[in-house]
Amino acid sequence: MKKHYDIVIVGSGAGGGTVANSLIPLKEKGLKIAILEQGPHFSHSFFTQREIEMMRLFRFNGAWPVKSGEITIAAGQGVGGSTLMYTGVSFRLPESVVEEWDVPGLTMDDLTPRFDQIERDIHVIKPSERMVNDNNRLFKQGCKRLGWPVKKIPLNVKNCERVGFCNLGCSSGSKQGTLEVQLPKAIQSGIDLIANCEVIRLSEKTVHAKVHKAPPGTVDGQWPPGKITIQADIIVLAAGSPGTSGLLLKSGFKQYLPRIGRDITLHPAMTLYGVYPKPIVNYRGFPKTYYTDQFTNSHGYFIETAFYYPFVSTRHMGLWGKNLSEIMSKYNQLMTVLILNHDTIMPENRIILDRKGTVQVNYNLTETVIKSLCHAQIQTARLFFEAGCELVIMPCSSSPVIHQHKQKELEQLIKAKHFIPIKTPVSSAHPQGGCAMGKDPDNSVTNSWGQVHNFPWLFVADASLFPNSAHVNPYLTVMALADRVADRIKKICS
Amino acid sequence: MYNCKYIKGHRLKTIRAAANCIIPEHAGLSSGGTLETAAVVDWAIDQMPKELRVQFLLFISIVNASGIFFGGRPFHRLSYQDQIRQLKWMESSPLAPFRLGFMGLKNYICMGYFTREQNWSDIKYQGPILYDQPSPDDIIRKLCQGKIGIRS
């Protein structure tokens with residue numbers, strides 16, 4: 001099958017959905033636009049709040065390992081991309097990071113009105129007291145006792161029913177991801193959305209793809225299964241950080257643009273648990289309402305509240321045997337936080353293709369990151385004990401379960417030497433970089449408007465554009481950059 | 001009736017023995033080494049990409065055969081203490097493939113145990129609010145609810 005469009009967008013997450021939404025004026029002028037999404041189109045009724053059934057919202061069932069196996073990446077797979085299964089955290093890119101990135105033309109003056117508009121569109125709010133559950137209340141209490149600043153996390157939710165299953169798809173549609181906001185507007189304007197459409201490679205103004213049959217329980221696609229060639233005057237890649245770089249590598253662009261796949265960061269994260277003396281039922285209410293940036297500047301990490309379901313929690317704890325049974329028997333007493341490390345680009349970390357042509361993330365944790373993760377465990381243990389927990393689980397401790405009476409020995413117990421790659425559970429939900437913005441092809445892949453150097457018909461509009469870590473949860477930044485990309489396309493088309 | 005495709009014979013014995021070590025009967029939790037746990041693992045293996053499935057099944061066989069170094073017999077016939085000793089070695093092995101394999105084995109066993117409703121009351125988990133929302137996959141729903149017979 002052959003098709004022709006004026007503009008084709010690959011991916012429907014924070015980047016692709018926003019580009020589509022921002023290009024509606026071009027659609028209204030008569031241009032033909034399509035969004036190609038590799039994953040299925042899930043309707044609200046698909047989201048059953050059961051973790052084993054919802055694994056299919058994630059690539060590799062939620063555990064996509066980097067090449068070394070040290071980190072597993074959680075990335076969404078479906079219409080809405082990772083906004084399907086994120087918690088709705090909507091931080092603005094800090095000014096200090098904009099300055100550090102030093103991308104010509106990318107300034108706070110440019111970004112601020114975009115953040116303002118997007119926050120209105122996706123309904124970003126500061127959570128009300130009604131949304132704060134016991135875990136979050138105890139977090140705030142612990143931070144205050146330690147003298148740490150506690151801040152509310154900006155969230156994009158509307159009429160939230162506080163059922164607590166945000167990471168398994170929002171069945172009520174309260175979470176204002178691209179599935180709820182940008183994509184419905186784009187579709188209503190006449191932009192085509194093609195789900196289950198796997199893009200195999202690109203050539204000059206052409207997308208080579210394969211449409212798969214819609215999996216059971218998902219929305220049927222409008223194109224029949226089979227190979228398809230789509231010609232387009234403009235192609236926008238928004239397939240996510242490993243996905244976009246991988247597609248360019250598969251398509252042979254590396255010979256023209258040596259930085260493809262380089263300059264990646266992952267925000268290595270650990271989910272940590274403390275056992276409170278009585279039930280706190282973290283799995284009802286909104287999971288994430290507070291964070292502290294006490295150690296952002298000094299040690300490079302945030303501590304955010306969190307919540308995960310039973311099976312995923314066992315992955316984070318790194319326990320087994322009697323310790324696991326003991327802790328899981330108190331599942332409804334668990335305090336939970338997420339530590340989010342602000343890693344930085346390293347020459348050896350990059351997106352590559354293996355011998356079979358499969359996309360892989362080659363990433364090794366540095367000594368600096370491991371030390372930072374250990375520092376974060378010590379501070380989180382202090383926080384849990386201040387909040388009233390009787391024991392804590394710290395994977396980098398000589399003995400991972402630490403009782404309250406040992407709280408003065410935390411620095412002796414938790415040490416980098418106890419970090420064993422793969423055994424110590426580290427995850428990532430924020431892959432960034434691989435097609436960095438910059439001045440020229442020697443040090444970047446695109447210009448500051450996401451236009452690929454020397455290929456004026458090709459754009460990137462996702463977290464691949466980040467030249468270094470965003471330090472904060474990246475979705476709002478991805479949307480703002482995607483809006484800039486759409487501006488440049490509109491200028492070209494007019 | 002759910003017929004296990006992959007977890008049978010020595011693999012079933014290995015998974016059940018490993019699950020008894022990973023999730024022992026303790027603190028009010030029942031032991032993990034049941035046919036019900038193994039059946040959910042079997043379903044999950046069926047969802048894997050073929051290449052990963054082959055690697056994982058091979059690893060289960062390696063676990064069983066490696067028992068010879070920890071007590072002179074296959075893993076499932078080792079004493080409980082020797083089984084623990086072998087798993088601890090794999091978890092912290094200097095060889096990354098063993099650490100990766102152990103993490104995979106542990107994670108699939110925990111999936112097979114903690115996603116089954118029968119065990120939720122032991123951990124005081126109330127489960128989904130939309131309890132009766134129809135499943136996109138009837139088999140796994142029935143396996144997790146204990147509403148289907150299992151044959152291995």
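How many helices and strands does the secondary structure of chain A come to? The secondary structure of chain A comes to 13 helices and 23 strands. Here helices (H or I, at least four residues) and strands (E, at least two) are DSSP runs, numbered from the N terminus.

This is a predicted model, in which local features need pLDDT of at least 70, side-chain atom pairs count only at pLDDT 80 or more, and totals for chains, interfaces and linings use all residues. Residues are numbered from 1 along each chain as its sequence is written, while chains are lettered from A and ligands numbered from 1 in the order in which they are written.

**Overall form of chain A**

A compact globule of 494 residues would have a radius of gyration near 23 Å, and the 22 Å of chain A agrees with this. The radius is taken over C-alpha atoms, and the globule rule is 2.2 Å times the number of residues to the power 0.38. Along its principal axes, the C-alpha trace of chain A spans about 70 × 45 × 45 Å. Of the 494 residues in chain A, 60% are buried. A residue is buried if 20 or more other C-beta atoms, placed from the backbone, lie within 10 Å of its own.

**Domains**

An automatic or database domain assignment supplies the domain bounds.

| Domain of chain A | Residue ranges |
|---|---|
| Domain 1 | residues 2–54 + 72–123 + 167–263 + 433–493 |
| Domain 2 | residues 129–157 + 269–342 + 366–420 |

The C-alpha centres of domain 1 and domain 2 of chain A lie 32 Å apart. Their contact takes 13 residues from domain 1 and 11 residues from domain 2. Two residues are in contact if their C-beta atoms, placed from the backbone, lie within 7 Å.

**Helix H7**

Helix H7 of chain A, residues 241–250, is mostly covered, with 9 of its 10 residues buried. Among the buried residues of H7(A) are Ser241(A), Pro242(A) and Leu249(A). Just after H7(A), Gly252(A) takes a positive phi of about 80°.

**The side facing chain B**

In chain A, 32 residues are in contact with 36 residues of chain B. Helix H9 (310–317) and helix H10 (322–328) of chain A each supply at least two residues of the side that touches chain B. The largest share of that side, 5 residues, comes from H10(A). By class, the side of chain A that touches chain B has 13 nonpolar, 12 polar and 7 charged residues. Ala, Val, Leu, Ile, Met, Phe, Trp, Tyr, Cys and Pro count as nonpolar, Asp, Glu, Lys and Arg as charged, and the others, Gly among them, as polar.

Definitions and conventions
Buried ≥ 20, exposed ≤ 12 C-beta atoms within 10 Å, placed from the backbone.
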